[in-house]
Amino acid sequence: MKIILNIWRQKNSSSPGKMVRYELDKVNEHMSFLEMLDVLNEELTRKGEDPVTFEHDCREGICGCCGFMINGIPHGPERGTTVCQLHMRHFHDGEELWLEPFRAKAFPVIKDLMVDRSAFDRIISAGGYISVNTGSAPEANAIPVKKQCADRAMDAAACIGCGACVAACPNASASLFVSAKIAHLGLLPQGEPERDRRAVRMVLKMTEEGFGYCTNTGECEAICPKGVKIENIAMMHRDFTRAVALFREEAKAGGAG
């Protein structure tokens, strides 16, 4: 099959970018999307041209590294699928595709289709952890966890941090990502002691990094390749509001003393 690609090419973060047209013949329908780009890069390398830069690692939909816009949709047209798991059989012969990097202030372009998502790492560093010395692995049944809480925590933990939710959101909000990280720890007894502090630190860091605010459009849930639910955002707002109120009361009590 033949595929026409219009790809955003940008030398570095400070250089202007532009769309460049490429045509690929004899694309195998069983190729993944990234394998198709590998073929394109092999051709460009043989011609002495600069290959297209895109991020990838596991190519199994696990690591969250891959991700860019395909015809204006993060990860492409197939729901619940990352770019690396998207196959060319979902496109037809002669189709024209437009490939762009995720667009967000907090995701500056590094080169071509690759963006800097280190803002996510800084948000995690602000509070997405449990501050305990675990020692050796504890007995699995030492701390009972209700099945409902365990299931919700596991569903939230499915987030791979790809950034598709940010790219899909008209406000470039990271609320789905942050709420998933807050929820999967806060729903478990091990994460309960730091639940309030975690919510405050991560939400404030999200704002500091330049992400927008959530206005409940639901685009983030619709595009998430792992099906993370926006109910986590409601939980994040509840935890944040409760924590701020609690800290204010503690501050007043301390001042009065």
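In this predicted model, Asn216 is placed in the loop between helix H6 (195-208) and helix H7 (219-223). Although Asn216 is not a glycine, its phi is positive, at about 60°. With a relative accessibility of 64%, Asn216 counts as exposed, because the cut-off for that class is over 50%.

A positive phi is also found at His75, again a residue other than glycine, where the value is near 70°. His75 belongs to the loop between S4 and S5, and its relative accessible area is 1%, so that His75 is classed as buried, a term that covers values under 20%. Thr82 likewise lies in the loop between strand S4 (73-74) and S5, and its relative accessibility of 4% means that Thr82, too, counts as buried. When neighbours within four places in sequence are left aside, the residues in contact with Thr82 are Gly61, Cys66, His75, Ile160 and Pro225; the buried His75 is thus one of the contacts of Thr82.

Turning to the aromatic residues, the structure contains six aromatic pairs. In one of these, the ring centres of Phe107 and Phe120 are 5.4 Å apart and the ring planes stand at 75°, and the pair is therefore edge-to-face, since this class requires an angle over 60 degrees. Phe107 is located in the loop between strand S5 (95-100) and strand S6 (109-111), whereas Phe120 is part of helix H2 (residues 118-127), so the pair ties together parts that lie 13 residues apart in sequence. Both partners are shielded by the buried criterion: Phe107 has a relative accessibility of 1% and counts as buried, and Phe120, at 4%, is likewise counted as buried. Together with Phe177 and Phe211, Phe107 and Phe120 form one aromatic cluster.

On the side of H3, the contact is made by Ala153, Ala156 and Ala157, while H5 contributes Ala180, Ala183 and His184. By class, the residues of the contact between H3 and H5 comprise five that are nonpolar, one that is polar and none that is charged.

Definitions and conventions:
Residues are numbered from 1 along each chain as its sequence is written. This is a predicted model: local features need pLDDT of at least 70, side-chain atom pairs count only at pLDDT 80 or more; totals for chains, interfaces and linings use all residues. Side-chain values use heavy atoms; hydrogens and water are left out. Contact means heavy atoms within 4.5 Å. Helices (H or I, at least four residues) and strands (E, at least two) are DSSP runs, numbered from the N terminus. Ala, Val, Leu, Ile, Met, Phe, Trp, Tyr, Cys and Pro count as nonpolar, Asp, Glu, Lys and Arg as charged, and the others, Gly among them, as polar. Rings of Phe, Tyr and Trp (its six-membered ring) pair if their centres lie within 6.5 Å; planes under 30 degrees apart count as stacked, over 60 as edge-to-face and the rest as tilted. Buried means under 20% relative accessible area, exposed over 50%, partly exposed in between (1.4 Å probe, protein chains only).
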